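The plan is to go through the chains, then the contact between them.

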Amino acid sequence: MTYAFQAEGLVKRFGKTTALAGVDLAARPGTVLGVLGPNGAGKSTAVRILATLLRPDAGRAQVGGHDVIRHPARVRRLVGLTGQYASVDESLTGTENLLLIGALLDLRRAEAKARAAELLARFELTEAADRPARTYSGGMRRRLDLAASLVGNPQVVFLDEPTTGLDPAKREDVWGMIRSLVADGSTVLLTTQYLEEADALADAISVIDHGRVIAHDTPAGLKQIAGRQTIVVRPDPHRLDETAAILEAETGQPAHAPTPGLLTVPASGDAVFAAVVGRLAVAGIGVAELALRLPSLDEVFFTLTGHHDPQRKGTEHKDRQGEDQGEDKDREGKDTNGKAEGFGARLRRRRMERRAAA
Amino acid sequence: MTTTTAPAPAHTGPPDPPAHGAAPPRAFRLLRHSLALTRRSLIKIRRTPEQLLDVTLQPIMFIVLFVYLFGGAVAGSTHDYLQYVLPALIAMGVVFGSMQTGVNLNDDIKKGVFDRFRSLPIPRSAPLVGSVLGDLVRAVVAFAVPIGFGYAIGFRIQTDPLRTLAACLLMVTFAFCMSWVFVLVGMLVREPGAVQGISFLALFPVAFGTNVFVPTDTLPGWLQAWVRVNPITSLMDAVRGLMLGGPVAAPATHTVLWGAGILAVFAPLAVQAYRRRT
């Protein structure tokens, strides 16, 4: 068994909407697969199929060597699922929620109690353990949800947008927990809308759009494909022009000012950033903000698909069209013809266009 | 979707991974898991006792309203009317109480709690059975409160505790059967509020189209026909018989047969709708 889980050619339709149009996903044991995509790309649908909550219309999927369609019960013994919405029982306390899951997993009472206490401690919920979950903050609820999916020591953990709606500090907390999961040997499938998150956690990233995987690579490889990083500087307001000149001199590209006082310029590598930092120091320019930023999801998508702003597109199509199934109300395959071109070809075309523009 | 969980996986091929320990036999598991989920329902009731209003305050209001508002006119004396109407009102309350199961389940599914249950290696119907069993506690409250209140205002059981207990058992059993109808509604309708509305609308003519308030032979012919076939009429007759004396065998049999029929039709439909929905 080389893959902890593997999906091949998954197709799922909800009425006229094609949520998945042939998706392949796989991860080796002990790694994190990031599934990156906008709202409605099909991420949740793919996760729900792997977690045996949905049956695919076509394609195959296995978890730990067990087919999700033929042996769902075996798969369920191996997986933990944290959905897009914290699915804990709000009337139950943190402890009661975890004890319930323990009982449903056939743990002995004492065993379940120990496991609940351990998880509550690990997720920093011990103090809130005896309060109903409805009194929890969003971040606490999310942590309890995560804890609930870990009661059975799952080999494979599916995390469907575990940080959506959390503030940055809480997001970091969740990241730390995901890292500790992997350190303990679990395999994680993480869906996210943030390249930053996938980059921080994933060993490999599958980019998914319109129900298709449009790129699969390591984070580094993906960033290379997706275009350069951006240097972001917020200098001493009196020395904006000077800073802009330094940026242009080092990168060979004019700096932009997306908002007053902030300068951005594409960077081709870490070396350039170091050089910029050095020049600013030599010139004695104080900065309030200085960063090397990854391309945004939007930029990644623009590079990969040639169309902009998947976020907004996602929301446009978010209105429910009939089925109650899947939070991931997937977009209609309007430009599926364009998609038929294939990822490699599209990539080459983009590169050529860029070269021509330069 | 139906085939997903159909038979228990035969233990051939690769051995079950040791993730959650050895799995006990299937029937035991359904019972155990259902009971674990029943416990959850009970905790929920304890945490939000206001969800019991429909089986506590509401029947009391009904009793006061009907006994004191109409009793004098209908039966000549409020006390006589109390004796006549209370057993039937209790039966009606227990049946109305069974509605809540559908509302609760719908709410659970909406909130995603069921996704969690479904991702666990438990029999797929366990959450349904757990909810239905948990709501039997509501049924107990639904007969205990009006009996207690009735006693306080002068109602007296004419038979013995054993037959009273039989009446309660009959009501709870029938409510259990009826709750599957509302589970089905809960699966087919989107919003918990709509589930409540539709269930109430469906139950209203059945619950009130009975001899709860006046004897059947005072009704117009067409209504008499309806009231005579209505299983809730038989339930009310049986409960009256068991609490006040009178014929029991015929109405009780009628009730049990209807209950079994309702269960046989609606439980599979509800389970199927549940599988499609989740």
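Predicted model: local features only at pLDDT ≥ 70, side-chain atom pairs only at ≥ 80, totals over all residues.

**Chain B, overall**

I looked up the secondary structure of chain B first. It comes to eleven helices and zero strands. Read from the N terminus, the order is α-α-α-α-α-α-α-α-α-α-α.

Next I checked the dimensions. The C-alpha trace of chain B spans about 75 × 40 × 35 Å along its principal axes. A compact globule of 278 residues would have a radius of gyration near 19 Å, and the 21 Å of chain B agrees with that.

Then I turned to burial and contacts. In chain B, 44% of the 278 residues count as buried. I also took the contacts in chain B between residues at least 6 apart in sequence; 79% of these join residues at least 24 apart.

**Helix H10 of chain B**

I picked out H10(B), residues 231-244. This helix has 14 residues and reaches 20 Å from its first C-alpha to its last, close to the 20 Å expected at 1.5 Å a residue. Is H10(B) largely enclosed by the rest of the structure, or open? It is largely enclosed, because 13 of its 14 residues are buried. I noted the backbone just after H10(B) too: B:Gly245 takes a positive phi of about 95°.

**Strand S3 of chain A**

I moved on to S3(A), residues 32-36. Five of its five residues are buried. Which residues cover each face? A:Val32, A:Gly34 and A:Leu36 lie on one side, A:Leu33 and A:Val35 on the other, and all are buried.

I followed the pairing of S3(A) both ways. Five bridges join S3(A) to S8(A), residues 187-192, and the two run parallel. There, A:Val32 has A:Val188 as its bridge partner. Four bridges join S3(A) to S9(A), residues 204-209, again parallel. In that pairing A:Leu36 stands opposite A:Val207.

**Contact between the chains**

Last, I looked at where A meets B. The contact takes 35 residues from chain A and 31 residues from chain B. On the chain A side, the elements giving two or more residues are H2 (72-78), S6 (79-82) and H3 (94-104). H2(A) gives the most, with six residues. I sorted that side of chain A by type: 17 nonpolar, ten polar and eight charged.

Conventions
Residues numbered from 1 in each chain as written. Chains lettered and ligands numbered in written order. Expected span 1.5 Å × (residues − 1). Buried ≥ 20, exposed ≤ 12 C-beta atoms within 10 Å, placed from the backbone. Contact = placed C-beta atoms within 7 Å. Nonpolar A, V, L, I, M, F, W, Y, C, P; charged D, E, K, R; others polar. Pairing = 2+ DSSP bridges. Rg over C-alpha atoms; globule rule 2.2 N^0.38 Å.
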